[in-house]
Amino acid sequence: MQRYEKLSSRIVYVGTYNGGGNHSLYVLSMDKSTGELSAIGAYAEVEMPSFLTVDTGRGRLFAVSELQDEEGKEGGKVASYAVEPETGALRYIGKQPSFGASPCHLVTDREGKRLVVANYTSGSVSLYPILEDGSIGPLADRKQHEGQSVRSDRQEAAHAHCTVLKDSRIYVADLGMDKIMIYNLRENGEKPTLVLHGEVQVHAGAGPRHIAFHSELPYAYVINELDSTITAFAYSQEAGTLREIQTVSALPEGFAGESYCADIHIGASGDYLYGSNRGHDSIAVYHIDRASGTLTLIQHEPTGGAWPRNFAVTPDGKFVLAANQNSDSIVTLAVNENTGRLEPTGHELRIPKPVCIQFFE
């Protein structure tokens, strides 16, 4: 499949639930005008890379490996690659254990010197140094969450689900505790550490999964997996706090089927917010009121496949790529720049079990 050459198109990386020695991490090219996708490369060093993050400025890609041992307890890994910026080709660097089960999200700091990983099943957060060559150093710190909430089937214990960097703090959505845990990144001698800054309670049974901070305005939005809602918060940069201002449903009124929210992003203009529904198999589109931060529903657009675990808005805001995990497809939707609404483009690429999409630009 490897067809690398100097690209004028957009480079896209896709993590999948493919494993067992098969290709699991894919490199795509995307036509910037039409949104059409083509696979140009694939890698097998990381099994089940369910989430990726890209440091474009330093030419690095980091991935979690969610593959577990036979008992499903431990075995998670975190890995790094070097990126060839002109072609998007990857060079595998190495792995470290995630020191927790089911690592599902990761983020680097602005300096590209530290990496924070959320371990879902273990309900823990792991911190690593990133070395000069892009390799991941030995574990520097680990925080174990303790708590539960009202859903005995899903919230019997802590389940850290994402790690988001905002103004030098790390915000961790914990689905099991119905909380957002907030950490300061500090240095203890030459060793980075996580210091608890505070926590934010989300309503009982919500199951907070992913967080999106507005790039210009003092707002943050949390998508809640278990009750299919989105909660808007007022954000204080100085205090590092979140204050709830609104909660809205992510599903159409009257929908009674089984569905679970997954991913959330804000469009390039800053005026629209998008959230995915697995089961209803749609992306919900909202207008963001810039004065209040509140959301108004615009649309539910089908993703053209089943179980959109993850999606991504292109950096220019023209397209949304939906990763339909259970139908083995990535579907391109066009964004109407005047209304924020999504429209099918007719472009679809078959990829086995896609679960994460990241751009290199």
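At 0% relative accessibility, C356 is buried (under 20% relative accessible area, with exposed being over 50% and partly exposed in between, using a 1.4 Å probe on protein chains only). This is a predicted model, where local features need pLDDT of at least 70 and side-chain atom pairs count only at 80 or more, while totals for chains, interfaces and linings use all residues. Residues are numbered from 1 along each chain as its sequence is written, and side-chain values use heavy atoms, leaving out hydrogens and water.

Search the whole structure and you get zero disulfides (pairs of cysteine sulfur atoms within 2.5 Å).

## The largest pocket

The largest pocket holds about 1400 Å³ of space. A pocket here is an open set of points on a 1 Å grid over the protein atoms alone, with protein on both sides within 12 Å along at least five of seven lines; lining residues have an atom within 4 Å of a point. Its volume is the space filled by probe spheres set on the points, which are joined across faces, edges and corners.

Of its 40 lining residues, T53, V164, F213, H265 and Q358 are the closest to the centre. Strand β12 gives the largest share of the lining, five residues (strands are DSSP runs of E, at least two residues, numbered from the N terminus). By class, the lining has 19 nonpolar, 14 polar and seven charged residues (Ala, Val, Leu, Ile, Met, Phe, Trp, Tyr, Cys and Pro are nonpolar, Asp, Glu, Lys and Arg charged, and the others, Gly among them, polar).

## Salt bridges

There are 15 salt bridges in the structure (a side-chain nitrogen of Lys or Arg within 4 Å of a carboxyl oxygen of Asp or Glu). R10 turns up in a bridge with D316, where the closest N and O atoms are 3.3 Å apart. R10 is buried, at 2%, whereas D316 is partly exposed, at 32%.

R10 also meets E361, at 2.5 Å from N to O. Elsewhere, R154, R209, E225 and R278 are joined in a salt-bridge network.

How values were computed: 1 Å grid on protein atoms, 1.4 Å probe; cavity = no way out; pocket = protein on both sides within 12 Å on 5 of 7 lines; lining within 4 Å. Helix = DSSP H or I, 4+ residues; strand = E, 2+ residues; numbered from the N terminus.
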